[in-house]
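Here are some exercises to work through with the model open beside you. Try each task before you read its solution.

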Amino acid sequence: MAGPLALGILVSGRGSNMEAVLDAIGAGQLDAEVRVVLSDVESAPALRTALSRGVPALHIPTGKYRTRLSDEAEKEWVRVLREHGVEVIALAGFMRMIHETILSAFAGRIVNIHPALLPAFPGLHGQRQALDYGAKVAGCTVHFVNEGMDTGPIIGQRVVRVEADDTEQSLSARILEQEHELYPECLQLLAEGRLRIDGRRVRILSAQDALRKECNDPSG
Ligand code: GRF
């Protein structure tokens with residue numbers, strides 16, 4: 001991939017991870033450009049935030065399902081993402097499952113952030129699940145997206161200690177701080193062409209190896 005990584009960010013709510021990505025770009029820590037922010041929720045605060053920061057942001061209809069996009073809707077989402085020149089999709093608090101049409105259009109180029117140490121506690125309320133289970137450590141995971149629920153190959157993780165007096169709110173806040181650092185870091189590895197999916201594993205190449213590979217195969 002030549003030039004800054006062309007990102008499309010999918011959001012459903014608050015958008016603090018989206019903001020962390022924009023901040024990292026602004027600070028020169030992430031060589032990317034957010035081409036468009038899309039949401040399944042018309043009132044998502046993230047849409048307003050994106051617009052206020054000069055990033056195109058749109059609500060796009062989802063079709064008849066509650067937990068996923070319809071096939072027809074996915075085609076439209078792909079069309080809009082392509083129209084904006086998006087190379088990589090970053091899910092940031094996007095509350096719907098991604099299916100075949102988007103997965104195949106962006107194969108190996110969709111990433112997500114999850115507030116738990118996968119494979120433990122996938123799905124909703126990862127932080128609450130960790131607390132309820134009595135885990136001594138919690139954290140967050142950035143992973144490639146596949147057809148499962150939070151099951152794709154893992155790019156990076158951060159660990160957060162669970163304190164005796166933690167509530168869901170206090171633990172979530174400490175995990176979120178780590179999310180805001182981890183997501184831009186992982187996206188930067190992607191921007192540098194340093195990630196290779198090898199079965200379940202994601203290999204992180206040295207900057208030199210990534211450069212060598214790009215010279216041998218400029219298509220990435
Ligand atoms: C984050 O905790 C993220 O890990 C999860 O949903 C939450 C989104 O928060 N997937 P925000 O919208 O980025 O503030």
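**Exercise 1. How many bridges join β6 to strand β7, and which residue in β7 is the bridge partner of Val-137?**

Step 1. β6 and strand β7 (residues 154-161) run antiparallel and are joined by seven bridges. Helices (H or I, at least four residues) and strands (E, at least two) are DSSP runs, numbered from the N terminus, and two strands pair if DSSP finds at least two bridges between them.

Step 2. The partner of Val-137 in β7 is Arg-161.

Step 3. On its other pairing, β6 meets β5 in the antiparallel sense over four bridges, with Val-142 of β6 as the partner of Ile-113.

Step 4. Seven of the eight residues of β6 are buried, where buried means under 20% relative accessible area, exposed over 50%, and partly exposed in between (1.4 Å probe, protein chains only).

A note on the model: it is predicted, so local features need pLDDT of at least 70 and side-chain atom pairs count only at pLDDT 80 or more, while totals for chains, interfaces and linings use all residues. Residues are numbered from 1 along each chain as its sequence is written, and side-chain values use heavy atoms, with hydrogens and water left out.

**Exercise 2. Follow the strand pairing of β4, then find which of its residues are buried.**

Step 1. β4 and strand β1 (residues 5-11) pair in the parallel sense over four bridges; Ala-90 is the β4 partner of Ile-9.

Step 2. β4 and β5 also run parallel, joined by three bridges, and Leu-91 has Asn-112 as its partner in β5.

Step 3. Now check the two faces of β4 (residues 88-91): Val-88 and Ala-90 are buried on one side, and Ile-89 and Leu-91 are buried on the other.

**Exercise 3. Which residues touch the most other members of the largest nonpolar core?**

Step 1. A nonpolar core is a set of buried Ala, Val, Leu, Ile, Met, Phe, Trp, Tyr and Cys residues joined through side-chain atoms within 4.5 Å.

Step 2. The largest core has 45 residues, and Leu-7, Ile-9, Val-37, Tyr-183 and Leu-187 touch the most other members. Its main contributor is α6, which gives nine residues.

Step 3. Take Leu-187 as a case: leaving out residues up to four places away in sequence, Leu-187 touches Leu-5, Leu-7, Val-21, Leu-30, Ala-90 and Val-111. Contact means heavy atoms within 4.5 Å.

Step 4. A second, separate core has 21 residues, among them Ala-73, Trp-77, Leu-81 and Leu-103.

**Exercise 4. Is Gln-188 buried or exposed?**

Step 1. Gln-188 lies in helix α6.

Step 2. Gln-188 counts as buried because its relative accessibility is 16%.

Step 3. Apart from neighbours within four places in sequence, Gln-188 is in contact with Gln-29, Leu-30 and Asp-31.

**Exercise 5. Is Ala-107 buried or exposed?**

Step 1. Look in the loop between α4 (100-105) and β5, where Ala-107 sits.

Step 2. Ala-107 counts as exposed because its relative accessibility is 52%.

Step 3. From Ala-107 to Asn-146 is 39 residues in sequence, and their C-alpha atoms are 8.7 Å apart in space.
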